[in-house]
Amino acid sequence: MVTHTLAGGQGAGTFNTVTCPAGSFASGGGAYDLNTSTGNVSNFPGGWRPLGSPPTGYQSQLSSNTGTNESTVVFVICRP
């Protein structure tokens with residue numbers, strides 16, 4: 001599993017992306033907000049958005065609706 005933590009700006013819709021190592025593919029993934037009481041992680045229609053075809057990563061979008069700084073973690077499960 002590969003993770004990436006990203007601090008978002010106040011009230012910003014910030015994208016967070018993580019990719020698998022070269023030669024591997026994504027078999028699943030998702031994201032969560034480290035500040036669950038003050039913001040939310042938006043998902044794309046149908047779930048967290050995989051990147052590529054076949055997928056090699058995942059992407060999420062942070063939406064802070066309180067004007068505070070938020071941090072989000074996106075993760076991807078990789079397979080050879």
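**Group meeting: the disulfide, the core and a cis proline**

This structure holds 1 disulfide, meaning a pair of cysteine sulfur atoms within 2.5 Å. The model is predicted, so local features need pLDDT of at least 70 and side-chain atom pairs count only at pLDDT 80 or more, while totals for chains, interfaces and linings use all residues. Residues are numbered from 1 along each chain as its sequence is written, and side-chain values use heavy atoms, with hydrogens and water left out.

Back to the disulfide. Which cysteines form it? Cys20 and Cys78, with sulfur atoms 2.2 Å apart. The pair links distant parts of the chain, 58 residues apart. Cys20 sits in the loop between β2 (13-19) and β3, and Cys78 in strand β7. Strands here are DSSP runs of E, at least two residues, numbered from the N terminus. The angle about the S-S bond is -95°, a left-handed link.

Now burial. Buried means under 20% relative accessible area, exposed over 50%, partly exposed in between, using a 1.4 Å probe and protein chains only. Cys20 is buried, at 10%. Cys78 is partly exposed, at 24%.

Cys20 also belongs to the largest nonpolar core. Such a core is a set of buried Ala, Val, Leu, Ile, Met, Phe, Trp, Tyr and Cys residues joined through side-chain atoms within 4.5 Å.

Last item: the backbone. The peptide bond from Ser53 to Pro54 is cis, omega near 0°. Where is Pro54? In the loop between β5 (49-52) and β6 (55-63).

Methods:
Helix = DSSP H or I, 4+ residues; strand = E, 2+ residues; numbered from the N terminus.
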